[in-house]
Amino acid sequence: MNADVVVIGAGAAGLIAAAEAAASGLKTVLLEKNRRPGVKILMSGGTRCNLTQNTDRRGIVKAFGSQGPFLHSALALLGPAELVRLVEDEGVPTKVEETGKVFPVSNKAADILRAFMQRLERSGAELITEVAVEEIIRGESGFVVRAGEQTWRAPQIILTTGGLSYPGCGTTGDGYAWARSFGHTIVPTNPALTPLSTSAAWVKELQGLTIPDLVLKVVVAPRASEATIAAANSEKKKQGILAEERGSFLFTHFGLSGPVVLDVSRAVTRSPRPMDFDLWCDFLPDTKAEPLEQTLQQATASDGKKQLATLLGTLLPKRLVDAILQQTGLAPELKMAELPKVARRKLVEQIKRTVIPLAGYRGYEKAEVTAGGVSLDEVDSHTLQSKLVPGLFFAGEILDLDGPIGGYNFQAAFSTGMLAGRSV
């Protein structure tokens, strides 16, 4: 079977890439090994699909750090506002939540998928599901794509196979092997935006407790190996702090999750020794240590009969208060008048910098995105065509692009998908 373009992988990037290519008049075939397209879209955001972030193009570029400039051309074509308009033009209204995350008003990821499926169907692209590509060969006149007894020939292909995160979606890293076979460098991959685990028993006892707002830091632990310490020093991180974020935090049966944990997890997962790191938790980020100590000192003088746990309960959740007091060796029924200066300072230190030792992370099964992938140095950012192999294009998570939680990664997938589809 012949085509002008074969797109492999019907996720966020593939759906929009195929639609754009077909809309320009090219005979386009979109191959998907799952029974249905867009499985990760349906799973994302707790089945609500965090489409993008309520920011502008510069905000997206900044969020991706050193990788951000690669996205300039893709975002020029499809920025956050244009992506929202595209979805709403398909009859799916959106809303912006306090965190800046953009969701469908219906809170149904299926509506987002429906919007892109409508565009795909109008474009005339042919979607073929339950087709697992086994081999891609480059010939004199283009590419030969083989899947079982079926074969497609096309002068151009777009790889949108995703990464390794959520393997239940069918993202098993097939595209990396194909890219490597064409001479491309694969930046070592690791899970990103994934929960972290700890062996600290007191943390697991707090499972289910959400802290809406804290500052979380990833630091090199005193027990760290010489190699980890040297790596941190080479990055010139102040006080060994490798990452710092503020946001919502969730205690779980295995350790730690929530948006702020997922965001800092990339600093942990790229190391072969996650146990070399600690988390520092500031549970009262809007109150500095000195004013907090003064508050406790004043309560000692003015309300000495009040129990320490009762006073702290006005500042923090009761379960967290009990855990903090346990960590500092202070009894909850202790009266404020009985709190000595040394213990007061120790308590403030615990509230402002609770240390949680890390044991590991949850892996690709729970990771929202994959860090690493096809090296950006080998892909033309203006077209997303390979610099090594004419006619070979990349889009989405297969590229070495990973941003923070909040819709940034979907934005990159849709934007690069559109650019690749327009460039073939």
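In which sense do strands S7 and S8 pair, and over how many bridges? The legends below start with the whole chain and then return to these strands.

**Figure 1. Overview of the predicted model.** This is a predicted model, where local features need pLDDT of at least 70 and side-chain atom pairs count only at pLDDT 80 or more, while totals for chains, interfaces and linings use all residues. Residues are numbered from 1 along each chain as its sequence is written, and side-chain values use heavy atoms, with hydrogens and water left out. The protein has 15 helices and 20 strands (DSSP runs, H or I of at least four residues for helices and E of at least two for strands, numbered from the N terminus). Its C-alpha atoms fill a box of roughly 85 × 50 × 35 Å along the principal axes. Of the 424 residues, 57% are buried (buried means under 20% relative accessible area, exposed over 50%, and partly exposed in between, with a 1.4 Å probe and protein chains only). The accessible surface comes to about 18300 Å², and carbon and sulfur atoms account for 49% of that surface (Shrake-Rupley method, 1.4 Å probe; for residues, only the protein chains shown count as cover). Among contacts between residues at least 6 apart in sequence, 76% join residues at least 24 apart (contact means heavy atoms within 4.5 Å).

Figure 2. A hairpin with two residues joins S7 to S8, and Ile137 has Val144 of S8 as its bridge partner. On to strand S9 (residues 150-154): S8 pairs with S9 in the antiparallel sense, again over five bridges, and Phe143 stands opposite Ala154 of S9. The S8-S9 hairpin also has two residues between its strands, and Gly148 in the turn shows a positive phi of about 65°. Strand S8 (residues 142-147) is mostly covered, with five of its six residues buried.

**Figure 3. Ile157 and its surroundings.** Ile157 belongs to strand S10 (residues 156-159). Ile157 has a relative accessible area of 0%, so it counts as buried. Leaving aside residues up to four places away in sequence, Ile157 touches Val6, Ile136, Phe143, Val145, Gly391, Leu392 and Phe393. Glu20 is 137 residues from Ile157 along the chain, yet their C-alpha atoms are separated by 13 Å.

**Figure 4. Gly124 in its loop.** Look for Gly124 between helix H6 (109-123) and strand S6 (126-128). Gly124 is exposed because its relative accessible area is 57%. Ile8 is 116 residues from Gly124 in sequence and 16 Å away in space, C-alpha to C-alpha.

**Figure 5. The second largest pocket.** This pocket holds about 560 Å³ of space. A pocket is an open set of points on a 1 Å grid over the protein atoms alone where a 1.4 Å probe fits, with protein on both sides within 12 Å along at least five of seven lines; lining residues have an atom within 4 Å of a point. Of the 24 lining residues, Leu242, Arg266, Ala267, Arg270 and Asp402 lie nearest the centre. S11 (186-192), S14 (241-251), H10 (259-269) and S19 (369-374) each supply at least two lining residues, with the largest share, five residues, coming from S14.

Terms used:
Grid points are joined across faces, edges and corners, and a volume is the space filled by probe spheres set on the points. Two strands pair if DSSP finds at least two bridges between them.
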